[in-house]
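Please consult the sequence and structure shown below while reading.

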Amino acid sequence: MMPRMPRPAPPPPVPGLDAGACWRAHVARDARFDGRFFTAVLSTGIFCRPICPARTPRREHCAFYPSAAAAQAAGFRPCLRCRPELAPGVAGWRGTANTVARALALISAGAWGEGDDVEALAERVGVGGRQLRRLFARHVGAPPVRIAQAQRVLLARRLLADTALPLGDVAAAAGFGSVRRFNEAVRRTFRRPPSALRRGASAPPPDGAIAIALPHTAPYDWPALLEFLGARAIPGVEQVADGAYRRTVALDGAAGTVEVRPDPRGRGLVATLRLPRVAAIAPAVERLRRLLDLDADAGAIGAHLAGDPLLAPLVAARPGLRVPGAWEPFELVVRAVLGQQVSVAAARTLAGRLAARLGAPVDSGDPALSRLFPGPEALAGADLEGLGLTRARAATLAAIGGAVRDDPSLLAPGGELEDAVARLDALPGIGRWTAQYVAMRALHQPDAFPEGDLGLLAALGGLRGRGRAAPGELLRRAERWRPWRAYAALHLWTTLRPRAPAAARAPKRKERRS
């Protein structure tokens, strides 16, 4: 029998959280605040999501935390009824610290293991260990080590409850160094052994696939995102059919496939992972969250953009519109270069030919998913004759492959927008339009904005009841859309359908080549 743990002491106020607003949202069980904060109950030692169906505690017994990890670090344990591990991630609670966001992404992707220290994580995001601890205390409410521990435990809880993976595989997938440490962490957090958390888990599918929920903030325009991805799906690599997105993937040298479709129970999205290694589950889920832009604060973004009378009708017509990301930044760079001065359909065809020639084969059992997209090593110096590319375009792709092969940090997410654009603009054949487009989709920069895009100029002119707008006019108007200009671009592109179903179209002038 587990010993009774002392009740946590009342915490000091958490910076950045309005306790009164949190209390009102919790009483109302307002789903719009799910993932924005967690309510810890001093009398029970349990913390919950604001939508928890349990009886509302008394106000004086409640404390509020910006993250599940912060609540755990304060000594509270997760509620078994509302399951805090299923709360959607919300970018807003991370504050304005881009360094924290990058560190959190590394932790979520399993890139910072149990045996690593804070200095190793700090080095990867370009700051000192003391500075990283200070930023985490300010923006997250818990140190990096406690965040990583909490994420491992919460992922383990999801896998225990929702899959039939053996306990050893759950421990490995969640990033624990041993089954013993996994058992200790689960017992310490939930006051019960791992086996007690998996009652009612579904039977494993016959093909060994793993289904895992992908919570997201509401609203979420899945049809619009699926349409965008479907228009650009690379033959042999991606497929959009029957309301689902599928693709081949490679993680840690092992190939597999992923599929995402709406949860039939109406609880967001569900991913079906067919991966040869359970350790790839965490990084696969993190990549899918970025690809599908699941953590955007759609309500806040929409409210901000709706402040512009030109955009307000567009936001009202498409609430929850997201910026489609990319599984792999290099893949998106290649695709963007192929799309310069050609139609989206033509670029899709060229990308399929490239994958068929240079991509490694995948035995997925589905002819539509037969190839991996080639990485920079395969593209550097490759013979691209016969693919329908100009000599200049083929040389550009080979040069970009060599540059990224030699310095993968060129496409590392995070950092300031202008720094990211400058890095991209320095690559051969990448100009301002391509750099902004890649930053918007592959590097997850919410304020990226390809201001020279012909579609954006036409859309703004159409909204103002005249011909194509000038680039200067578009930039001046876009100042009021910061820091969400990428989402404004998506809204503008939707006005061009069906005449121009492809969202992005490069300007007619050639991109700079070197």
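## The open sheet

An open sheet is built from five strands in the order β5-β9-β8-β7-β6, with antiparallel pairing. Strands (E, at least two residues) and helices (H or I, at least four) are DSSP runs numbered from the N terminus, and two strands pair if DSSP finds at least two bridges between them. At the edges stand β5 (210-214) and β6 (238-241), each of which pairs on one side only. On average, neighbouring strands of this sheet are turned by 25 degrees against each other, direction ignored.

The model is predicted: local features need pLDDT of at least 70 and side-chain atom pairs pLDDT 80 or more, whereas totals for chains, interfaces and linings use all residues. Residues are numbered from 1 along each chain as its sequence is written, and side-chain values use heavy atoms, without hydrogens and water.

Strands β8 (residues 254-262) and β9 (residues 269-274) run antiparallel and are joined by six bridges. Within this pair, Arg 261 stands opposite Val 270 in β9.

Helix α10 (residues 281-291) packs on the sheet and touches β5, β7, β8 and β9; contact means heavy atoms within 4.5 Å. The direction of α10 makes about 40 degrees with that of β5, where axes are lines fitted to C-alpha atoms, for helices over the stretch in contact, and angles run from 0 to 180 degrees between N-to-C directions.
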